Amino acid sequence: ARFALLEKLEGEGQSLNALAARIADNATAEDLYAYGLQAAAAGQFQPGLEALLQLLRDHRDFKDGIARAALLEVFECLPKGDPLASEYRRKMFNYLY
């Protein structure tokens, strides 16, 4: 399921380090989205969720609200009952409502 996340990205994948550096410098919606999916696909769920949460908070309407869908997809990759999923699901709902 994790590798299905990468299929959502268009074009060439960029290194996580390059994306992380760009996000630290100037977080664009595109970079947050790409980093969030790539980090989660690499098993780095917390940084990936953090990036997608920031995308939801700062760019809610990016690609018709894709941040919410991406967060839900990452939650699906986590084991059932994972505390990380519970924590970030709660944060997501706080931003949505």
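Which hand does the crossing of helix 1 and helix 2 have? It is left-handed, a label that applies when the near helix is turned anticlockwise from the far one by less than a right angle, with right-handed used if the turn is clockwise. The model here is a predicted one, in which local features need pLDDT of at least 70 and side-chain atom pairs count only at pLDDT 80 or more, while totals for chains, interfaces and linings use all residues. Residues are numbered from 1 along each chain as its sequence is written, and side-chain values use heavy atoms, with hydrogens and water left out.

On the helix 1 side, the contact (heavy atoms within 4.5 Å) is made by Leu16, Leu19, Ala20, Arg22 and Ile23. Helix 2 brings in Asp31, Leu32, Ala34, Tyr35, Gln38 and Ala39.

Asp31 sits in helix 2 and is buried, at a relative accessible area of 8%. Buried means under 20% relative accessible area, exposed over 50%, and partly exposed in between (1.4 Å probe, protein chains only). Setting aside residues up to four places away in sequence, Asp31 touches Leu19, Arg22 and Ile23.

Then there is the largest nonpolar core, with 34 residues; such a core is a set of buried Ala, Val, Leu, Ile, Met, Phe, Trp, Tyr and Cys residues joined through side-chain atoms within 4.5 Å. Tyr33, Leu49, Leu55, Leu71 and Phe75 touch the most other members. Helix 2 gives this core its largest share, 9 residues.

Leu55 belongs to helix 3 (residues 45-58) and is buried, at 0% relative accessibility. Apart from neighbours within four places in sequence, Leu55 contacts Ala29, Leu32, Tyr33, Arg60, Phe62 and Ala67. Leu55 and Ala27 are 28 residues apart in sequence, with 8.8 Å between their C-alpha atoms. With the same exclusion of neighbours within four places, Tyr33 contacts Lys8, Leu9, Leu52, Leu55, Phe62, Ile66 and Ala70.

How values were computed
Helix = DSSP H or I, 4+ residues; strand = E, 2+ residues; numbered from the N terminus.
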